[in-house]
Amino acid sequence: MKNIVAVTACPTGIAHTYMAADLLRKGAQKLGIHIRVETQGAMGIENQLSPQDIAQADLVLIVSDIEIEHTARFHGIPISTASIESALTDADQVLQDCLQLC
Amino acid sequence: MLIRRAAFYLGINGLESWQAEKLRKLCGYFHASVSLFNVSQCCRVPLENSLKVMAAGNKPDDFCLLFIEGMDAELAHLVLLDYISEHFKIFQSDQDFNFVRSSGLECHFHILSASDLKSLQRLDKSELLNQIAASIQTPADSHTLCSLFLNREKHAATVMGPQVALPHIMTELVTVPSIILTSLPEPLDWHSPRGPVRCIIAAALPKPASIEMIRAFTNLSKKLVDENICRLLADAPVQLQAAMLAAMLAQQAKC
């Protein structure tokens with residue numbers, strides 16, 4: 001089973017950050033991917049990825065329209081990026097693309 | 001197929017097991033299928049299964065809808081409504097609905113009705129956002145706010161589920177949070193691959209916004225990911241939409 005850690009963020013951080021996170025979780029369940037999603041929204045960082053999560057990850061997925069915080073911790077792990085729009089439109093596709101890279 | 005709807009608020013004891021059991025019994029007298037949709041908890045269950053009804057996590061003062069579908073929906077509606085009015089508080093759209101009290105949010109709430117928009121020659125996304133911006137309580141110029149909305153939309157269109165959009169901005173230009181609800185008779189192109197919209201919930205929040213306000217909005221957006229809820233919301237009359245919106249903002253999301 002592939003292991004992905006994801007971070008979502010959007011400019012205002014009150015709506016799409018959380019929607020994208022939700023859709024990624026649902027999509028991953030469908031595709032049999034183990035995923036942990038951290039949200040960087042107006043409420044700050046929630047569901048923060050632990051060092052263990054990151055160490056075990058095959059891939060980091062960043063779904064964001066802005067610069068996200070704390071990227072240094074992902075050093076050494078392949079990173080895939082996607083826009084919020086693409087995750088909202090077709091989260092499954094975004095995850096499929098990730099699997100190609102794993 | 002007839003569809004009837006009843007909206008009500010639970011009492012201080014929520015929905016008790018004997019009430020769920022009584023509702024189940026009443027349902028049994030009719031062919032119509034009845035489901036209980038607890039808007040506050042974002043949970044839809046068949047009323048004929050009282051265990052599921054109890055598992056919906058009903059809490060005091062939750063806002064609920066009953067959906068009654070079937071040939072004898074009219075009759076079932078009468079009977080169920082009778083029981084509900086005895087035990088719970090029926091929501092009546094003609095009564096004064098207080099959005100601030102229902103949602104528990106200190107904000108300016110306004111409904112942009114179809115008649116407000118009739119005077120417009122042509123309704124498109126930017127024109128509607130212009131109208132919305134003009135309804136927002138702000139010392140600033142409404143054109144400035146409108147361009148903020150449009151900028152936000154440029155990043156990604158704010159369509160949530162089917163038929164529902166949540167355009168939102170956070171800016172120093174507003175001091176009082178404003179929520180503007182628009183319900184359109186015809187779908188409007190929102191320039192999104194996720195389709196056109198009929199229900200537009202616009203929010204202008206101060207920057208920085210209070211933590212309660214942010215939490216309320218994240219609650220709302222998490223709920224609006226659900227396609228069924230969006231459909232129900234888009235199909236509801238505007239007064240009911242306002243009550244549903246207040247309930248979704250007020251309650252902590254279960255997930």
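Modeller: Start with a helix pair in chain B. Ile229(B), Leu232(B), Leu233(B) and Ala234(B) of H9(B) meet Gln241(B), Met244(B) and Met248(B) of H10(B). Contact means heavy atoms within 4.5 Å. Helices (H or I, at least four residues) and strands (E, at least two) are DSSP runs, numbered from the N terminus.

Modeller: Some ground rules. This is a predicted model, where local features need pLDDT of at least 70, side-chain atom pairs count only at pLDDT 80 or more, and totals for chains, interfaces and linings use all residues. Residues are numbered from 1 along each chain as its sequence is written, chains are lettered from A and ligands numbered from 1 in the order in which they are written, and side-chain values use heavy atoms, without hydrogens and water.

Biologist: At what angle do the axes of H9(B) and H10(B) cross?

Modeller: Axes are lines fitted to C-alpha atoms, for helices over the stretch in contact, and angles run from 0 to 180 degrees between N-to-C directions. The axes of H9 (residues 227-235) and H10 (residues 238-250) of chain B come within 9 Å and cross at roughly 145°.

Biologist: Is the crossing of H9(B) and H10(B) left-handed or right-handed?

Modeller: A crossing is left-handed if the near helix is turned anticlockwise from the far one by less than a right angle, and right-handed if clockwise. This one is left-handed. In chain A, H1(A) passes H4(A) in a right-handed crossing.

Biologist: How do the domains of chain B meet?

Modeller: Bounds come from an automatic or database domain assignment. That gives domain 1 (2-90) and domain 2 (99-250) in chain B. Eleven residues of domain 1 of chain B contact twelve of domain 2 of chain B. Their centres, over C-alpha atoms, are 29 Å apart.

Biologist: And the backbone: which peptide bond is cis?

Modeller: Most residues other than glycine have a negative phi, and most peptide bonds are trans. The bond from Lys207(B) to Pro208(B) is cis, with omega near 0°. Pro208(B) sits in the loop between strand S10 (197-206) and helix H8 (211-223) of chain B.

Biologist: What is phi of Asp61(B)?

Modeller: Phi of Asp61(B) is near 65°, a positive value in a non-glycine residue. Asp61(B) lies in the loop between helix H2 (50-55) and strand S4 (63-70) of chain B.
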